[in-house]
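Welcome to my notebook. I went looking around this structure one spot at a time, and here is what I wrote down.

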Amino acid sequence: MEIVYVYVKKRSEFGKQCNFSDRQAELNIDIPPSPQLAEQFVERNPVDTGIQCSTSMSEHEANTERFEMETRGVNHIEGGWPKDVNPLELEQTIRFRKKVEKDENYINAITQLGSIMEHCIKQNNAIDIYQEYFDDEDAVEVMEEAPSAKTINVFRDPQEIKRPATHLSWHPDGNRKLAVAYACLNFQRAPEGMSNDSYIWDLENPNRPEIALKPSSPLVTLEYNPKDSHVLLGGCYNGQIACWDTRKGSLVAELSTIEFSHRDPVYGTIWLQSKTGTECFSASTDGQVMWWDIRKMSEPTEVVIMDITKKEQLENALGAISLEFEPTLPTKFMVGTEQGIVISCNRKAKTQAEKIVCTFSGHHGPIYALQRNPFYPKNFLTVGDWTARIWSEDSRESSIMWTKYHMAYLTDGAWSPVRPAVFFTTKMDGTLDIWDFVFKQCDPALSLKVCDEALLCLRVQDNGCFIACGSQLGTATLLEVSQGLCTLQRNERNMASSIFERETRREKILEARHRELRLKEKGKAEGRDDDLREEEPTLNLEELVTKAEEEFFDIIFRELKRREAEAVKKKPKPQEKPSLETDEEVEGEDEGEEERGDEESPALEGQT
């Protein structure tokens with residue numbers, strides 16, 4: 001690299017201008033040889049000179065063009081399908097295959113390829129290029145080292161007033177970026193001057209965010225569109241749904257109207273598998289799940305009320321906290337509520353009441369995470385209160401597996417995308433737990449203290465090697481797990497499937513046993529009630545009234561006698577020398593008291 005510096009100077013400062021012309025040579029000075037200096041010269045004799053019989057070479061340097069290298073890759077996906085055919089939908093692909101198979105060009109192409117394929121098969125019969133020469137030897141287990149994880153990067157909230165990181169989303173193309181949503185969820189306790197911005201971070205530059213998203217209300221959730229990596233969907237604290245296009249800048253591109261939006265913060269947003277890639281749905285604690293099309297955000301296309309009584313009353317609806325949608329099951333979706341109940345719904349049902357299919361109840365508090373196993377969609381993971389539970393759709397009364405009750409509250413969880421037996425959970429004490437139930441079921445395979453404050457959310461990269469965790473102070477920590485935790489182990493799929501089936505079978509047996517015990521207890525209780533009814537004598541109503549009257553009058557008469565006896569006891573004793581009263585007067589008073597007593601008794605009888 002050459003460094004050149006140019007000096008600038010005025011022409012007048014150079015002095016007189018030089019004028020050149022052609023003329024004859026002139027002798028200006030002639031210095032003759034000096035004999036004195038010649039006397040000092042000493043001749044050297046003999047003189048030896050070394051001569052090498054090789055060509056003389058010199059070293060030269062030259063500046064050449066710089067050789068630049070760049071890495072390029074090709075993402076191979078199932079291709080050849082037209083734009084109007086979704087390769088993930090089986091009906092469309094079958095219909096398209098039938099249409100192509102009827103074409104004459106298809107038959108000719110298959111005929112030509114058949115001869116080439118036949119040649120390859122004959123070669124393979126001569127030499128088996130896929131032969132395994134070491135089948136007898138035991139395969140080396142991939143997970144030789146102990147499970148471990150290390151911190152790669154830390155992305156801190158650039159605002160002075162720190163806010164919790166409520167949701168994370170990975171960039172769908174190459175996972176080079178991470179979108180983080182920041183919001184204070186304490187109602188009316190947000191400090192003054194707190195920013196509403198959320199950010200998109202470049203993994204290689206943790207010093208400053210790449211793009212700032214500027215919503216009208218703090219973002220609770222933020223999701224990348226899997227089909228268009230420039231589009232993001234956000235759920236706001238005020239219940240609105242916002243959409244961004246990073247090519248257009250930081251401002252909101254589409255925003256739902258307030259009157260048709262949620263009435264509570266939007267805690268869940270998910271993109272749907274559709275032809276256009278513009279459909280999504282959202283959930284909130286107001287008890288509603290809404291479907292949206294980002295091309296027309298004025299009002300939702302569909303609303304489902306989470307009322308398990310099936311009366312479609314919003315005041316009885318359960319608040320939705322988490323959502324789950326599996327593209328392979330396009331008609332089903334699941335909702336985790338703040339009452340600890342998972343609701344399984346069918347979107348294609350004809351009426352609103354039929355859309356709620358069944359419920360799973362097992363948590364004591366809100367369900368913060370709900371996700372199906374990527375390898376076995378029948379089994380799903382829920383995280384709430386102090387435990388994480390694994391469920392099966394075949395067993396609705398209870399979960400088939402669960403972790404122990406932790407001392408700290410669990411806040412989020414997710415399955416590993418590459419290993420069916422591994423899942424991750426975060427806790428309020430700042431700990432990340434990595435569970436591998438094939439290796440160990442009672443305790444986590446790895447428990448890592450990420451930070452001192454509470455961890456609120458986590459997201460696993462598509463290759464399973466990197467995990468992003470969001471904390472209470474707005475710090476997003478990027479972790480890299482060891483090779484064993486992100487590499488599929490030998491026979492792991494079969495082992496995980498057998499564990500799921502075994503635990504599901506066990507829960508079904510226990511459910512049947514509990515059902516039998518309940519029926520027996522119910523039968524015994526009904527039998528005891530029948531016996532008591534038979535033992536009771538059949539009495540006439542008039543007899544019961546007469547008996548009650550007799551008992552009542554007996555009580556009244558006993559009370560009167562008691563009062564008379566007390567009055568006699570309180571009567572003063574006669575004195576030897578009466579002062580003013582005579583014996584006749586005293587007798588008269590006694591007679592008067594007796595008359596009053598006789599008058600009181602019929603009055604009481606009349607009252608009865």
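This is a predicted model: local features need pLDDT of at least 70, side-chain atom pairs count only at pLDDT 80 or more; totals for chains, interfaces and linings use all residues.

**Entry 1: Glu393 and its surroundings**

I began with the neighbours of Glu393: leaving out residues up to four places away in sequence, Glu393 touches Lys332, Phe360, Arg372, Lys378 and Phe380.

The side chains of Glu393 and Arg372 are joined by a polar contact of 2.8 Å.

Is Glu393 buried or exposed? I noted a relative accessible area of 18% for Glu393. Buried means under 20%, so Glu393 counts as buried.

I also looked up a pair that is separated along the sequence. Glu393 and Thr504 are 111 residues apart in sequence, and their C-alpha atoms are 9.2 Å apart in space.

Most residues other than glycine have a negative phi.

Asp385 came up on my list, with a phi near 45 degrees, a positive value in a residue other than glycine. I located Asp385 in the loop between strand S19 (379–384) and S20. Asp385 is buried, and its relative accessible area is 0%.

Asn491 was another entry, and its phi is near 60 degrees, again positive in a residue other than glycine. The loop holding Asn491 runs between strand S28 (476–481) and helix H4 (492–535).

**Entry 2: a sheet of four strands**

S28 turned up again when I traced a sheet. I followed 4 strands in the order S1-S28-S27-S26, and they form an open sheet with antiparallel pairing. Which strands are at the edges? They are strand S1 (149–155) and strand S26 (455–460), and each pairs on one side only. I wrote down the twist as well: from one strand to the next, it averages 25 degrees.

Then I checked how S26 meets strand S27 (residues 466–471): the two pair in the antiparallel sense over 5 bridges. For a detail to find on screen, I picked Leu455, whose bridge partner in S27 is Ser471.

How values were computed
Residues are numbered from 1 along each chain as its sequence is written. Side-chain values use heavy atoms; hydrogens and water are left out. Buried means under 20% relative accessible area, exposed over 50%, partly exposed in between (1.4 Å probe, protein chains only). Contact means heavy atoms within 4.5 Å. A polar contact is a pair of N or O atoms within 3.5 Å; within protein, one must be able to donate a hydrogen and the other to accept it, and residues adjacent in sequence count only if both atoms are side-chain atoms. Two strands pair if DSSP finds at least two bridges between them. Axes are lines fitted to C-alpha atoms, for helices over the stretch in contact, and angles run from 0 to 180 degrees between N-to-C directions.
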